[in-house]
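Please consider the structure shown below.

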Amino acid sequence: MALSVGLIGYAIGSYVVGTISDYYGRFRAMILTMGLTALGSFGDAASFNVPELAIFRFITGLGLGADLNLVSTYLSELSPPNIRGKITVYSFILGILGQAITPFIALSLVPVYYDGWRYLFAIGGIIAVVALALRFELPESPRWLISRAGNLEKAEEIITRMENTVRDKMGKLNSPNIVNVDVNEKRFPTSYVFKKPYVYRLALLVTMWFFWYIGNYGFLGDATTLLSASGISISSSIGYLAVGAIGYPVGAILMALTADRFERKYVIFMDTVVWLIGMLTFSTRIPSLIYVGSFLASLALGMYLQVAYTYTAENYPTRARTSGFALTDGIGHIGGALGALFLPVLVSTYGFSFGFTFIGITGVIAGVLALLGPKASKIALEEVSA
């Protein structure tokens, strides 16, 4: 219940804070999201019952849901087209390493200490406070300053500082490619998302994320519990997932090498094929193959999320980029809430193998849907969104 409530907060926070970001800027919104994440994480650690935990998971979800949206958008708006995917992947590598390390920390805390789970949440709160302090060093997005705030002077100041930094390190810069953009229209951000061609992209990307999150959150939220319920000890269950989580950084490194080399939507599809193979292997419940399946699933997650976040942000215009991303990712997370709730039902009704094979197939459906979207790699944001 706490996981599902957190995902509801994730969806609401993504849209509300995403809209705030389109109105008031990326910088202010990213300060707000990390503040909510810190508050929610410390509240999680201090909870004394499930309702309290659910409330603070909701608050944590408000921050995290918007933050993933904002970071992908922010980096896309600051990055050159030919390395936009790579820069996004680099920014997530520390987070991916965190996902790989967290199961081992859980293994050393949860089975050992009565309040071990509290310590795990408190660590998340401390990290959020550090991130909050660091974010005060970030500049505003020049694209947002121009398209939404109409502050050409501030945007020029930031761009000049960026150009001077790069010029000092690399020498002469190439001339910029000029793109004509209408910056006079200032409607409610979400209204742009329901105009052509964005309404079609919204429908496609929402469906893609819906199917992906069914398996994503089913696996991340329930795999350890379902392994334990099938007769494997809780320590061994966490151990299988912990060893398999090495796939997260490996997947991120692979994406750093391929995110801009190949068209993004094709990379997304291949990631989902790896996911299916991982789920089929994991579903055998054979000890050695559980390790392999867990690794392949983590590998696919480490590859898919970063490139798919970038691809989603690229599909919307600057004046509604975080709102469009938020609607897409937020509605898509309904699939995650359903997956976390219904995977245990599928396993108990039809068996362990059926449940994990099912979420493997939903992942591949997401990959097939991505193939229907526009091309985005090495193309200016304004051209992709047009």
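Leu 254 lies in helix 11, helices being DSSP runs of H or I with at least four residues, numbered from the N terminus. Leu 254 is partly exposed, with a relative accessible area of 35%; buried means under 20%, exposed over 50%, and partly exposed in between, using a 1.4 Å probe and protein chains only. The model is predicted: local features need pLDDT of at least 70, side-chain atom pairs count only at pLDDT 80 or more, and totals for chains, interfaces and linings use all residues. Residues are numbered from 1 along each chain as its sequence is written, and side-chain values use heavy atoms, with hydrogens and water left out.

Leu 254 is one of the residues of a nonpolar surface patch that also includes Phe 104, Val 243 and Tyr 291, with about 730 Å² of accessible area together. Such a patch joins nonpolar side chains (Val, Leu, Ile, Met, Phe, Trp, Tyr) within 5 Å, from residues with over 30% relative accessible area and no salt bridge; areas come from the Shrake-Rupley method with a 1.4 Å probe, only the protein chains shown counting as cover for residues. Helix 11 gives the most to this patch, with four residues.

Beyond four places in sequence, Phe 282 is in contact (heavy atoms within 4.5 Å) with residues including Phe 219, Leu 241 and Phe 356. Phe 282 is also one of the buried residues of helix 12, as are Trp 275 and Asp 271. Thr 362, in helix 15 (residues 352–370), is buried at a relative accessible area of 4%; apart from neighbours within four places, Thr 362 contacts Phe 211, Trp 212, Ile 214 and Gly 215.

Charged pairs complete the picture. A salt bridge places a side-chain nitrogen of Lys or Arg within 4 Å of a carboxyl oxygen of Asp or Glu, and the count comes to 11. Asp 67 and Arg 135 form one of them, with the closest N and O atoms 2.5 Å apart. This pair links helix 3 (residues 50–78) to helix 5 (residues 116–135) across 68 residues, and both partners are buried.

Terms used:
Helices (H or I, at least four residues) and strands (E, at least two) are DSSP runs, numbered from the N terminus. Patches are made of residues with over 30% relative accessible area and no salt bridge: like charges are joined within 9 Å, nonpolar side chains (Val, Leu, Ile, Met, Phe, Trp, Tyr) within 5 Å.
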